[in-house]
Amino acid sequence: MKRFNQKPMEKVSVKMIETKEPVYFIDEKEVKELVKKSNPTKKVGDINIPELEKRLNNLPGVDSANVYLNLNGNLNLNIKQRVPAFRLNKNGEDFYVDEKGIEFPISTNYSFPCMLVTGNVKKAEYMPLAELISKINKDEFSRKYFIGISKTNNDYNLLTSEGNFKVEIGDLENIDLKVKGFKAFVNKYLVYQSPEKYRKVSLKYDNQIVTTLNPDYEENDSIISVGKKELAKLPVIAEKKEKAEKKTSVATISAKQKNVVKKAKKNTAAEGKSEKKAAITPKKSETKKKATVKVE
């Protein structure tokens with residue numbers, strides 16, 4: 001062990017473990033620089049493997065690191081890098097989030113191509129959001145249409161590559177059903193329309209798709225003007241309804257008052273009859289007490 005510890009490190013071998021998508025947040029040169037700083041004497045016995053492993057795992061772009069020595073004095077480092085699920089812009093800050101829901105900073109040397117998400121996304125939503133983006137990336141139709149995600153208040157919106165409309169999905173529940181509904185809308189209706197016609201397509205309601213027209217699209221002018229006319233009628237309709245309700249309530253009150261007067265008259269007549277009857281009917285004579293005779 002003494003001879004082995006005094007032996008110089010013959011070789012430093014760095015192996016980047018293959019990930020589902022190639023990433024380059026850290027390279028072999030950077031790892032070897034870190035090893036050199038950890039062991040300036042370059043002797044086998046002076047290398048602190050647990051400490052080196054810890055320092056590698058603390059690097060932002062590293063998911064896991066495994067360090068070990070061979071009997072011939074070769075140092076081996078197996079490193080797996082993080083793969084971003086999406087890039088999040090939150091409260092003015094940009095950072096990556098991987099599929100495990102772990103945040104790590106943007107690299108100055110390398111930018112990974114992934115979907116951009118904006119808004120106040122909670123940490124509890126990271127993993128469901130990563131799952132949604134994974135489904136979008138695997139589906140050819142969704143990958144073609146959806147290029148970003150934004151969160152406004154508590155509703156998520158999918159940003160599209162065609163037109164200026166957004167697809168409102170609400171929460172992250174029943175995603176498969178919502179995307180299926182949007183596919184049906186596109187294939188059966190939107191293919192015959194200009195994508196510029198709409199400002200929003202909402203999928204957050206059960207079993208229905210609600211669209212919002214784009215006011216800047218010229219062909220919508222006639223539809224929007226008709227809608228405005230119908231909306232203008234609403235106050236008039238409401239006023240007429242209010243007047244009708246007032247008339248109905250007045251008629252109801254007068255009918256009630258008449259009923260009250262009738263009942264009062266009936267009660268008065270009944271009371272008069274009862275008084276006359278009482279005057280005519282004589283009082284019953286009181287029963288006389290029988291005299292008692294005492295015999296001695």
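**Figure 1. Seven helices and 12 strands make up the secondary structure of this predicted protein model.** Helices (H or I, at least four residues) and strands (E, at least two) are DSSP runs, numbered from the N terminus. Take contacts, meaning heavy atoms within 4.5 Å, between residues at least 6 apart in sequence: 49% of them join residues at least 24 apart. Residues are numbered from 1 along each chain as its sequence is written, and side-chain values use heavy atoms, with hydrogens and water left out. As this is a predicted model, local features need pLDDT of at least 70 and side-chain atom pairs count only at pLDDT 80 or more, while totals for chains, interfaces and linings use all residues.

**Figure 2. Nine strands form an open sheet with mixed pairing.** The strand order is E6-E5-E4-E7-E8-E9-E10-E11-E12, where two strands pair if DSSP finds at least two bridges between them. Strand E6 (103-105) and strand E12 (210-213) sit at the edges, each pairing on one side only. From one strand to the next, the twist averages 25 degrees. Axes here are lines fitted to C-alpha atoms, for helices over the stretch in contact, and angles run from 0 to 180 degrees between N-to-C directions. Helix H4 (residues 126-138) lies across several of these strands, including E4 (84-90), and runs at about 120 degrees to E4.

**Figure 3. Strands E8 (146-152) and E9 (155-160) make a hairpin.** Two residues lie between E8 and E9, and Asn153 in the turn has a positive phi of about 55 degrees. The two strands pair in the antiparallel sense over six bridges, with Ser150 opposite Asn157 in E9. E9 also pairs with E10, again antiparallel, over four bridges; there, Leu159 has Lys166 in E10 as its bridge partner. Further along the sheet, E11 (residues 198-202) and E12 are antiparallel over four bridges, and Val201 stands opposite Thr211 in E12.

**Figure 4. Helix H6 (residues 175-188) has 14 residues.** From first C-alpha to last, H6 reaches 20 Å, close to the 20 Å expected at 1.5 Å a residue (that is, 1.5 Å times one less than the number of residues). Its buried residues are Ile175, Lys178, Val179, Phe182, Phe185 and Val186. Seen down the axis of H6, they fall within an arc of 115 degrees (taken from the directions from the helix axis to the C-beta atoms), so they line one face of the helix. Those residues pack against H4, helix H5 (140-145), E8, E10, E11 and E12. On the other side of H6, Asp176, Leu177, Lys180 and Lys188 are exposed. Leu177 counts as exposed because its relative accessibility is 58%. Asn207 is 30 residues from Leu177 in sequence, but 9.3 Å away in space, C-alpha to C-alpha.

**Figure 5. The largest nonpolar core has 33 residues.** A nonpolar core is a set of buried Ala, Val, Leu, Ile, Met, Phe, Trp, Tyr and Cys residues joined through side-chain atoms within 4.5 Å. Phe86, Leu129, Leu132, Ile149, Ile169 and Phe182 touch the most other members. H4 supplies the largest share of this core, six residues. Apart from this core lies another, of 16 residues, among them Val14, Leu34, Ala65 and Val67. Leaving aside neighbours within four places in sequence, Ile169 contacts Leu132, Tyr156, Leu158, Ile175, Lys178, Leu203 and Lys204.

Notes:
Buried means under 20% relative accessible area, exposed over 50%, partly exposed in between (1.4 Å probe, protein chains only).
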